[in-house]
Structures are given as C-alpha cells and as structure tokens.
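Let's take a friendly walk through how parts of a protein model meet each other. Have a look at the structure first, and then read on.

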Amino acid sequence: MRLELRGITKRFPGVIANRAVNLTVEPGEIHALLGENGAGKTTLMNVLFGLYQPDEGEILIDGKPVTFHDPGDAIEAGIGMVHQHFMLVPVFTVTENVMLGVESVRGPLGQQLDRPAARKRILEISAAHNLRVDPDALIEDLPVGVRQRVEIIKTLYRQSDLLVLDEPTAVLTPQEDAELFEIMRSLKASGTSIVFITHKLNEVLEIADRITVLRAGQVVGTTTPAETTEESLAAMMVGRHVSLVVDKETAKPDEVVLEVDDLVVKDDRGHITVDGLDLQVRGGEIVAIAGVQGNGQTELVEAITGLRQPLSGTIRISGELVRSTPRSILEAGVAHVPEDRLEDGCVPAFTVAENLVLNTYYRPPFSRGLQLDRAAIETAADQLVKDFDVRTPSVFNTVANLSGGNQQKVIVAREFSRPIRLLVAAQPTRGLDVGSIEYIHRRIVEKRDEGAAVLIVSTELDEVFALADRIAVMYQGKIVDILDPDVATTEQIGLLMGGSRPVGIVEAEAAGELTHVVTTGG
Amino acid sequence: MTAVAASAPAVIVDRAAIRRQRILGVVYLIMAAVIAYFLTTEVTAEQTSTFVLKPAGSTGGLDVPSLVVPSMLAVYLAAGLCAALGAMQLIRGFGSRWAVVLGIVVVAFVFAFLTWAAAGRSMSLIGILQLTVQKGLPITFGALSGVLCERAGVVNIAIEGMLLSGAFTGAVVGSATGNNVVGVVAAALVGGALAGVLAVLAIRYKMNQIVAGTVINILASGLTSFVAARVLQSHRELNEPDKFTSMPIPLLSDIPIIGPMFFSGNIFMYILFVLIGLIHYGLFYTRWGLRVRAVGEHPRAADTVGINVLFTRYRNVVLGGMVAGIGGAYFTLGSTGSFVHDMTGGRGYIGLAAMIFGGWTPIGAFLASLIFGFADALQARLSILNVAVPSEFLLMVPYIVTIIVVAGLVGRVRMPAADGTPYEKG
Amino acid sequence: MAESKTPESKTPESKTPESKTPGSQPADRSRLGQRLAAGARGLVVPVLAIFSALVIGAVVIVLSDVTFFERLQADPGAALGAAVDEVLAAYSALFTGAVGSPTTYVDAFASGDLDQVTHAFVPVSETLLAATPLIFTGLAVALGFQCGLFNIGAEGQLYVGAMFGTFAGFAFAGLPLFIHLPLAIGAGFLGGALWGFIPGLLKARTGAHEVIVTIMLNYTAFRLIEFVLKVPGYQREGRTDPISKVTLESAWYPLLVEGLRANWGFILGLVAAVLVSWLLFRSTRGFEFRAVGFNPTAARYAGMSIATSTILAMTISGGLAGLAGTSIVLGVTHSLTSGISAGFGFDGIAIALMAGSRPRGIIFASLLFGAFRAGATPMQSITGIPIDLVVVIQALVIMFVAAPALVRGIYRIRVPETTGLETFGQGWRA
C-alpha cells in the first residue's frame with residue numbers, strides 16, 4: 001500500500017507532540033523514521049495506529065483518506081505495529097497472543113477457541129519468513145528476541161501490508177539486529193512496506209530506503225542513505241553539531257573499591273540470573289557492563305545496592321563485607337542511580353527538596369532527633385538545584401511536573417551530593433534528550449576523576465564505548481570478558497553479548513592486550 | 001556455543017525457604033502437642049466417637065453405616081501423624097509437595113477435634129458436611145462474582161453490599177409478588193445495578209476501586225436498613241417470602257455422602273453448579289474468556305488488537321454483580337426467609353478470600369469456599385454440642401481461618417496482572 | 001513496562017501544604033492569598049458533595065414512603081407538597097438536633113436563666129460528643145492512607161481499645177484523676193495499637209492485604225467483646241446481659257461545661273490532630289510514612305524500611321482508633337457493651353477521605369459528621385425517619401469526595417484532582 005500522512009498535528013496539554021508532519025511511504029519500501037527521544041516518533045505512529053486522534057491533518061491509504069478510531073480500524077486497513085514495549089500477555093501462549101482479537105473459532109455459537117487452526121497458520125507464517133517460534137510456549141518463558149518475532153507474526157497473521165517497527169533493536173544484540181534486518185528484507189521482497197522507528201544512525205544507513213528525520217515534533221528533512229552521512233543525520237536530529245564522543249582523559253585507577261566474588265542471585269521467579277559472577281572496580285575508573293537486557297544485570301545491580309539478597313558469594317566495598325540492606329550500603333558510600341527513575345529513583349509526588357534528601361533525611365543536618373529541619377533541607381536544595389542546573393520554578397515543585405531530563409538531574413544531584421566511593425548507574429540516560437545526556441555523562445566522568453569507582457550498566461553501546469575505561473560484557477549471569485574500549489570493536493562486543501567467542505579476542509589474548517578473561521565458550 | 005562455568009558450583013543456600021520450612025515443621029509439632037494434650041481431656045479410654053453418615057430421617061438410598069472410632073486411640077494417632085510429619089518437615093522438608101502435607105495435617109487436626117467433641121456420643125458428620133455445602137454456597141457466589149470482576153481487572157470489594165442487597169430484594173420482591181423466581185431475578189438485577197455503579201465509579205471516574213467498593217457496601221447497608229426500618233416494620237407482609245424447598249435430584253441424591261451433600265439442596269445449589277461450569281468453560285475455552293483474561297492481564301495489549309477494554313470491564317463487573325445478587329437472594333429465599341439488618345455477616349469478604357485461595361478460578365473458588373463453609377458449619381454445630389470452647393471463639397473461627405489463608409497464600413497464587421489498575425487510553 | 005505519560009498540568013494542591021517554609025517573610029502576602037484561594041478551591045468539592053448527598057437523601061426519603069405513589073396519582077400537588085414538607089421537617093430536625101434551634105437560643109438568652117442557656121446548647125454539646133470518636137478514627141484511617149495502607153479495621157481497633165480502657169477504668173481503685181485517666185487512656189491506646197499491629201505485621205511479613213485482614217479482625221473483635229462481657233470479673237455483678245462493670249469516676253473525662261455532656265475527650269481529639277499533623281509533616285518518621293505511601297519501591301531504594309513503616313503506621317493508627325473507644329467508654333457510657341460504636345470506624349474512612357487525609361480537615365469533617373449523627377436521633381424521634389438515612393447520606397458524601405470528577409461532571413465546574421488517595425497502590429498488591 002501507499003501510505004501518506006499529511007499535515008498531522010497532535011497536541012497534549014502543555015506540549016505539541018507532532019506539528020504538521022508529512023510522511024509518505026511507498027509500497028515495498030523500508031522507510032526509517034529517525035529522531036532523538038521526545039521528537040514525536042512514537043506519537044506519530046500511535047496516531048497512525050488509531051491509538052490517538054490527530055488534531056489536524058489526515059491519513060491517506062492508496063490516495064483515499066481514512067480515519068482510524070481505534071487500532072481495530074487500523075488493523076483492518078492493513079497496518080500492523082510492533083510496539084517498543086511488547087504488547088504480549090505474559091501468561092498466554094504464543095498462539096493465544098497471536099490470535100487474540102482475531103480468534104479462530106468453531107462450535108455452534110461461534111465461541112469455542114480453535115487453537116489447532118491458529119497453530120497451523122502460525123507455523124506457515126513462521127516458515128515463510130524464517131521466524132522461528134514454538135506456538136505453545138508461554139510468552140513469559142521466552143527471551144526478548146523471540147518475543148519480537150511473535151510480535152511480527154502477529155502482524156503478518158492479520159495480513160498487514162504495512163508494518164511499523166518502533167525501536168525494534170533496543171533489545172537485540174548486533175547479531176540479532178542482523179537477523180532482524182534479514183527478516184525485514186524478506187518482508188519487503190514480498191511487498192510489505194515497513195516504517196522503522198529508531199534513533200540509531202548506523203542502522204538507518206544500513207537498512208533504510210528512505211529516511212525522514214523528526215525533531216521537536218516537526219519534519220526536518222527526508223533523504224536517502226546515499227545522500228547523507230551519520231554526522232549530518234545527527235545534526236538534523238539535534239539541530240546543532242553533536243560530538244558523539246565524551247571528552248575524557250585516561251583513567252588513573254586506584255584501589256579496588258568494589259569487589260564481587262562468585263556471586264549467585266535469583267530473580268523474582270526463582271531462576272538463577274547471576275551465576276557465579278566476579279567483578280572488580282577500582283577508584284578512578286569507569287567500568288561499563290554491556291549486555292542484552294535480561295542477562296542478570298538488573299539482579300546484579302540490586303545485589304550490589306542491597307535490594308536483593310544473593311544466594312551465595314560476597315560483595316565487598318573497600319574491602320569490607322557490607323550488610324546487604326540498602327541503607328547500610330548507602331552509608332558505606334555507594335550512590336545508586338536506578339534504571340527506572342520514576343518508579344525507583346524518586347517519589348514523583350514529593351517536592352524537589354524532599355526528593356533531594358530522600359536518602360539523607362534521617363541524619364543531621366536534615367533531621368535533629370525525631371524532627372526534620374525544614375530550613376536546612378530548603379537551603380541545601382536551593383544549592384543543589386543551582387549546582388546541577390535543575391530547571392524548576394521552585395524547590396517546592398513536585399518532581400512529577402519536571403521533564404525527564406530534569407528529573408534525572410534531581411536524582412543525580414541527590415546521589416552526587418554526598419561523598420561517595422562507588423557510583424552505580426543503570427541506564428543513566430535512557431529516554432533523555434541529547435543535552436541532558438551530555439550533561440550526565442560529563443558529571444559521571446567528573447566523579448570518576450574525583451576518585452570514585454563507577455559502574456555503569458547500559459544497553460546503549462554508544463554510551464558504553466563513550467564512557468567506559470573498561471567494558472565488561474555480561475551474558476547469562478556471568479562476565480564473559482572484559483575489554484579495552486579503544487581496542488575492541490562493536491562486532492566483538494556484540495558477539496560476546498550473544499554468547500559467542502569472536503576470533504579477534506583470541507588474537508588479542510595472544511597479544512596480551514586483554515585484562516581479564518573469565519570463561520570459555522564455543 | 002553457550003558458556004559453561006569453569007569452577008565448581010558454590011553451595012546455594014535459600015535462607016528464606018529454609019526458614020519457612022522450619023516454621024512449618026515447628027507448627028506441625030505444636031499442633032501434635034495440642035492434639036495430644038487438649039483433645040484428650042475428659043476422654044476415657046473405652047469411649048468411642050460415632051459419626052453418623054446418613055442423614056437422619058432419609059428414606060430410600062443405601063444404608064450407610066455410621067463410622068465408629070475409638071476416641072482416645074484416634075486422637076493419639078492423629079497427634080502421632082502430625083508429630084511425624086512435623087519432624088520430617090523440620091529435617092528434610094517436603095519440597096514441592098509441602099501444600100499437600102499441610103492439607104494432611106489440617107485434616108488430621110480437624111478429625112481429632114471432631115473425635116474429641118463426639119467422644120462418648122454420636123455426631124452427625126453428614127449433617128456437618130451438608131451444612132458445609134450450604135454455608136459454602138453464598139461464599140461461592142461471592143467468590144464467583146469476584147472471579148468475573150477480577151479476571152477483567154476490576155477489584156470488587158462491594159460483593160458484601162451486593163449480597164446484602166440481593167438478600168433484601170429477594171425477600172421483598174418475593175413477598176410482594178408471591179413468586180420467588182421473580183424475587184431471584186429482581187435480586188440479580190439489583191446486584192447488577194449496584195455493580196454498574198461500581199463500574200462507573202471505578203472505570204469512568206477512575207476512583208480507587210477499594211474505596212468505591214467500600215462506599216457501595218456502606219450505601220447498601222444503610223439503604224437496606226433504612227428501608228427495612230421505614231417500610232418493613234410496618235408492612236410485615238413484605239418481608240415474609242416463602243423459601244425455596246429442597247429439590248433432591250433422583251438417583252444422584254442417593255449416592256452415599258456425596259448425594260446428601262451436593263444433590264439434595266434447593267435450586268440455588270444447582271444454579272451454582274451451572275454457573276461454575278459456565279464460567280469455567282467460558283473463561284478458558286471460549287473467545288469471550290480469552291479476551292476477558294487479556295483485558296485483566298495486559299489491557300494495553302488487548303487494546304492494541306482492537307478489543308474494547310472499557311466495555312469488557314463494564315460488562316464483566318455487571319455480570320459479577322448479578323451473580324452476587326443471586327447469591328444474596330440465597331440468604332433470604334434459600335435459607336432463613338426474612339431479611340434482617342446486615343445479615344450477610346462478612347460472607348462477601350470471605351468470598352474474596354476464597355477467590356484468592358482458589359487462584360481466581362471458579363472450581364478453585366468453590367473448593368476454597370467449602371473450606372470456609374466447613375469452618376462456619378463447625379462453629380454452628382459445635383455450639384449445639386456444648387463443646388468446652390466458648391461459643392464466641394467458635395464464631396471467630398471462619399474469620400481467623402480467612403486471615404491465615406490470606407496471609408499464607410500471598411505471592412503463591414498468581415492474580416490477574418492488571419487487577420485493580422484503571423485503564424488509561426493512550 | 002513504562003507507559004508514556006502525557007504531561008498534565010496539576011493545580012498546586014499538593015498533599016503537603018505544610019511543606020512550605022515556616023515563618024514566611026512579610027512579602028509573602030501574595031502567597032498567603034494563593035493559599036487561601038487554594039483552600040477555597042479545596043472546599044468546593046466537599047461542599048458540593050454534601051449538597052448532592054442531601055438532595056439524593058431527600059429523594060430516598062420521599063420514595064421510601066410506600067403511600068407516595070398512590071397519593072401522587074390521586075392528587076399530585078398535595079403529594080408533592082407533603083413530600084417537600086416531610087423532607088424539610090426531617091432536615092430541619094437534623095439541623096436543630098445538631099446545632100440547636102435559633103428560637104431556643106434567643107429565648108434562652110432573653111430569659112437570662114443559666115440553666116436554660118445551657119440547655120439551649122445541648123445539641124452543640126451532642127455534636128461535639130459525637131464528633132470526638134470520629135476525630136480519632138478519622139486520624140487513624142488518614143494516617144494509614146498516608147502510608148499507603150487501607151485501615152478498614154478502625155471499628156475493631158476501637159472496640160479492643162475500649163475493652164482495655166474499660167478494664168483500666170474499673171480495675172484500679174483509689175487513684176487520683178490525673179493518674180487514673182491517663183492510665184486508662186493509655187490502656188485504650190495500647191489495646192487499639194495491638195489490634196492494628198497484627199495486620200501491620202502480617203502485611204509487612206507476608207504481604208497479606210490489610211483490607212481483608214482488618215475486616216476479619218473486626219468481626220473477631222466483636223466476638224471477643226461479646227466473650228469478655230460475660231466473663232465474671234469483667235461483667236457487671238448482678239447482671240446477666242453483656243455489660244461491663246462501671247468505670248470509676250476517677251477515670252472519666254471531665255465535662256467541659258456542667259450540665260452538658262460534652263467532655264475533654266474532644267480537646268484530646270484536637271491535641272491528637274496536632275500531634276498527628278506534626279508526625280506526618282514534621283517528623284522524620286512521617287517523611288518515611290509518606291514516601292512509602294507514595295512510592296514504596298523508591299522508598300526502598302532510598303534505604304527506608306517499608307516493613308518498619310508499615311508496622312509502625314498500622315500500630316499507631318490502631319492506637320488512635322483505640323483512643324476513639326476510650327472517648328466513648330470513659331466519656332459517655334462509662335461502661336462497655338457490644339453496641340457502643342455505631343460504625344464510628346467506618347465513618348473514619350469517610351472523614352479521612354473528605355479531609356484529603358489532612359489532620360486539619362479531619363477536625364472539620366468530624367464536626368460535620370458528628371453533627372449528622374447528633375441530629376439523626378432527634379430526627380428519628382420527631383419525624384420517624386430512621387437514623388440509617390444518615391448512613392446513606394454519609395456514603396454518598398464519601399462517593400462524591402472520592403471521585404471529584406463526578407462532582408465536576410454533574411455541576412460542570414473545574415475541580416482539583418487530588419483526593420488524598422494518591423498513596424494508594426492498586427488491587428491486592430498495595
């Protein structure tokens with residue numbers, strides 16, 4: 001089909017998410033929609049998919065205007081969407097998820113589920129495009145890459161002509177990326193158009209036929225890979241020249257601050273996700289843990305910060321075994337910037353001032369005996385807001401009213417305002433605009449230069465390469481290798497993230513260039 | 001291809017599980033001690049306990065002999081069993097079968113208790129079992145109502161109020177029209193209407209669902225008491241419905257023990273069985289059920305495939321209300337007859353506990369309700385038997401059992417993931 | 001799964017207005033103006049809620065008259081007129097029963113007779129008397145709300161507190177008032193605290209949802225009281241009905257004014273409100289309660305112990321409800337029976353909701369509901385309308401207050417969105 005979005009405008013209270021956006025997707029084309037976080041890409045696609053109604057503008061399919069009141073209309077028109085956060089019911093099987101909404105039924109009342117018929121069709125689609133799945137598996141047991149395949153099968157099951165993929169590679173290793181691109185090319189060959197939303201420049205150049213760049217809700221330009229480069233795309237995305245590398249001097253590592261020995265941790269479902277892990281981080285260096293989400297990073301961070309009791313193994317901070325409660329670990333000089341800033345990092349309903357003392361409120365000067373010292377809290381808050389450039393009308397504003405970047409700055413300000421020996425930051429710049437990302441990276445490097453040990457967990461390889469002095473790759477609960485970012489390549493890291501052992505590592509080992517080899521693989 | 005650990009696996013110690021195991025073992029041992037010490041008081045060695053297994057005055061059917069056990073011996077055996085299991089639990093634990101063992105210990109304790117209460121006498125065990133099912137009926141209705149609502153993602157605390165309104169409506173309409181069936185239908189409609197109010201408050205106005213449910217309960221209690229005082233005091237004839245008579249099913253009601261329990265009741269029992277079957281089939285085998293469960297687990301996913309989340313929730317809540325209304329009518333039209341202020345006595349809340357205990361499934365809810373019904377029945381019969389325990393404590397039993405169940409089961413049963421969260425489109 | 005939230009502009013109606021600096025500078029007059037305006041805006045919903053509830057209550061009165069429809073068909077004008085008369089009679093009886101009738105006041109002051117003047121204030125005294133336990137239960141429930149806990153067990157905690165307080169009231173002879181009364185009050189607090197500790201502990205240790213546990217404990221408490229009231233040593237000598245011994249005068253709340261029943265329990269309630277307000281908004285513990293209430297995961301990440309907050313909050317909450325019990329057995333009935341509380345515990349929920357879980361609002365809401373209760377009995381005896389009408393009106397008030405959007409929808413106005421319930425977790429995982 002030929003899809004055209006003409007003049008789409010969508011407003012929310014306080015912000016214009018899309019402003020007069022024009023987008024055309026030709027039949028059988030892979031069209032990349034590029035923009036940084038907050039540019040309005042997902043909103044635009046939600047409008048297309050009937051989840052939102054546009055305030056102005058229209059949607060045309062093959063030249064005819066259409067209106068989608070809900071996703072059902074869009075699906076019927078042949079549009080399928082694979083959302084960034086999967087829309088799969090964890091306790092259902094693959095078959096049940098795929099057929100939900102378009103169930104095969106039998107029986108006199110047309111109500112009884114016909115699972116075998118659906119299974120058959122799923123296997124047919126699976127074979128046609130090399131999307132390997134087990135129709136009877138429960139979604140919650142499946143790894144992320146397989147779940148994505150289920151999402152794609154869902155759309156093909158409904159005979160979509162146009163597929164929208166929203167940040168599909170956020171959860172994949174570079175090798176899985178390649179597999180996905182193969183699937184995309186296969187779909188394109190059978191006539192399906194694809195809209196591919198991303199903020200990753202290299203992917204766009206590799207797979208797209210045409211590229212549309214969005215910035216602050218508006219289309220900045222439409223081009224093709226032949227006519228552009230990563231740098232110019234980045235400039236279009238952000239509106240100014242962007243340095244993709246963090247300015248930092250070489251690290252001068254000091255004493256070992258964090259020492260993790262043979263750590264074993266179970267997750268909420270009882271599976272062992274940290275499986276005998278060893279790790280050391282020294283003061284004055286940044287160690288970044290690279291890995292696909294779901295390989296134990298979350299549980300590792302929780303164990304280090306006292307939120308989860310390990311089954312066995314030890315964690316030492318500056319040589320001392322710590323009692324694993326969050327408070328004692330915080331008091332041992334550990335700062336924690338959690339992955340989910342609204343859920344875990346702050347209390348959105350509290351004021352900026354209250355959030356800034358969230359883990360120090362119980363000690364002088366913020367508290368004397370049983371009572372809080374309001375004046376002291378306010379003074380400290382005013383100072384921190386100034387030091388960390390938090391944009392808020394007052395320290396009594398609730399954090400919920402701040403932008404994502406400023407919320408993260410509040411959390412960072414809180415954590416950085418104490419003397420710390422170890423900083424643990426998980427996905428520190430997820431969902432932030434470029435300005436905030438640069439700022440946070442700078443402050444992290446500053447902390448390192450002050451002598452703190454820094455442990456970053458990130459799924460963004462760009463961030464890992466930019467910040468790390470050493471890169472530790474985590475796979476299935478263990479550190480499979482530790483590499484030097486100046487020497488290692490994305491491909492090597494990618495292979496390690498996926499569990500294989502790239503050739504270059506072996507050579508580098510022989511040349512004595514690697515620091516810490518832990519396990520063997522095949 | 002996959003990495004293999006090079007070093008030997010460390011000894012893995014799950015401290016929390018071991019502590020749970022030890023606590024259970026100690027509890028079993030304590031129960032053994034309680035049995036051996038308290039449940040042998042005033043029991044002489046030659047006494048026997050007789051458990052009558054055929055309902056008094058029933059004609060036809062097989063002659064089921066009464067169960068006679070030597071009291072002292074039986075009690076000590078039960079104590080011994082608990083002690084042995086307790087020791088094993090402490091030392092080794094039972095792994096994945098711990099729940100079965102817990103069940104065995106509870107059954108042994110109850111058996112010892114009954115034996116003690118019946119020492120030197122005969123007790124109609126079949127009577128207690130029949131009463132169990134009867135007491136469990138309204139609880140099951142409540143639990144089923146909860147299943148319908150919560151599977152779609154709406155917490156329904158208002159079951160108590162819906163039961164109460166159903167009881168009231170059933171009595172008044174049944175008396176006014178002289179037709180009990182009309183009374184039941186009216187009760188269902190009233191229950192559905194109250195549920196509609198809950199649905200609007202919770203879904204449209206996104207009110208906290210527990211608060212909304214509590215409000216409805218208070219409203220129902222106040223309204224029924226108000227009208228009862230204003231109208232029914234002076235118009236007694238509006239509160240004297242004929243009760244449904246019992247309708248034993250031929251042949252089935254003659255099966256020993258099971259027959260008198262499940263196939264000799266009044267129409268409410270059979271309505272319940274039909275409902276259990278329908279809801280079970282509906283939830284797990286039909287398109288309707290798949291969509292309901294999707295809405296309860298991941299409403300956004302359901303929305304993106306074109307399912308109308310809000311309508312599904314409205315519909316299920318109203319259906320749940322109707323079921324609760326019918327269950328409420330049981331209190332008057334199926335049991336005592338006249339409406340009395342606040343006559344449901346917390347059965348709606350116990351129904352919720354039964355729903356949780358039963359894993360949000362209809363059959364599980366029924367079995368769980370039977371357990372609560374048993375506690376209720378025990379309390380009713382034992383106070384007649386003049387057991388040496390004050391009747392007030394016996395009256396507490398159903399409530400304390402509920403607490404224990406709820407406290408012990410959290411985290412072990414999987415609730416619908418989106419239960420209680422209002423759905424925001426977009 | 002992170003859902004993209006659309007940024008909403010919120011009115012500055014935070015749950016913690018006290019989080020502004022104490023001792024503000026003189027140039028803060030505009031801020032004072034803002035606060036007054038915010039306060040006035042905050043009153044819109046409760047006022048409209050009460051109004052709407054009264055209207056619906058009127059409809060209930062009219063429709064529950066079985067003869068109404070017949071008379072309507074026969075002579076619509078007369079029937080409607082009679083209906084309006086009935087409603088007005090009921091509500092004016094309610095009103096005068098709560099605050100007194102203007103004519104009685106005028107006559108009393110004109111006469112100059114002290115007894116007559118005192119007598120004119122009886123309704124006000126009854127209102128204060130009815131409001132006192134409500135202040136305590138309202139505080140109890142509000143404290144729970146602030147910590148994310150739904151304490152429906154205030155009724156049971158009230159009774160257990162009353163049980164302990166009564167015992168302390170009659171068991172210790174020969175003590176002076178200033179020792180005996182505090183002792184009995186303390187005993188009452190202890191009893192309620194115990195009954196609040198149990199669900200708190202179960203929630204913290206096992207995750208058992210406090211809604212079901214507290215409701216079950218309510219029923220358990222009722223049975224416990226029935227039992228205790230028949231135990232010799234507790235039961236009054238010479239009586240076979242379940243009633244406790246009479247508490248000694250040295251354990252009674254002193255009267256506020258000779259000749260009226262209102263007592264110092266009300267003052268204690270005001271003191272309690274101040275203390276709870278300090279606890280929630282000025283103390284370190286209160287900071288933790290509120291953090292845990294708003295966002296338990298973040299509180300945990302910041303090092304706070306959710307278990308400690310849960311247990312402590314529920315225990316103190318139970319203790320406050322226990323104080324409600326003492327205000328009855330040491331202030332009004334002077335002994336314990338199984339009927340001392342007509343749903344004060346549940347009214348506490350209504351009051352906490354109306355007040356947005358803020359102690360200052362709780363005092364006003366308690367006075368309002370106390371007025372309803374005080375006026376209900378004269379209303380029933382004068383007009384024959386059953387007192388349960390007041391329960392219906394109160395339920396409707398809660399409903400409107402807890403869903404401001406409902407008020408907005410009906411009256412087409414803008415209202416602040418906050419309800420004091422933002423601490424709630426949802427479903428069974430709260």
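## Domains of chain A

Domain bounds here come from an automatic or database domain assignment. For chain A, that assignment lists domain 1 (3-238), domain 2 (244-333 + 419-522) and domain 3 (348-417). Between the C-alpha centres of domain 1 and domain 2 of chain A there are 33 Å.

This is a predicted model: local features need pLDDT of at least 70, side-chain atom pairs count only at pLDDT 80 or more, and totals for chains, interfaces and linings use all residues. Residues are numbered from 1 along each chain as its sequence is written, while chains are lettered from A and ligands numbered from 1 in the order in which they are written.

## Where domains 1 and 2 touch

Two residues are in contact if their C-beta atoms, placed from the backbone, lie within 7 Å. In chain A, 14 residues of domain 1 contact 15 residues of domain 2.

On the domain 1 side, α6 (174-189) and α8 (230-238) of chain A are the elements giving two or more residues. Helices are DSSP runs (H or I, at least four residues), numbered from the N terminus. The top contributor to this side is α6(A), with three residues.

## Where chains B and C touch

This contact draws 44 residues from chain B and 39 residues from chain C. On the chain B side, α7 (209-232), α13 (347-357) and α15 (391-409) of chain B each supply at least two residues. Which helix gives the largest share of that side? That is α7(B), with 15 residues.
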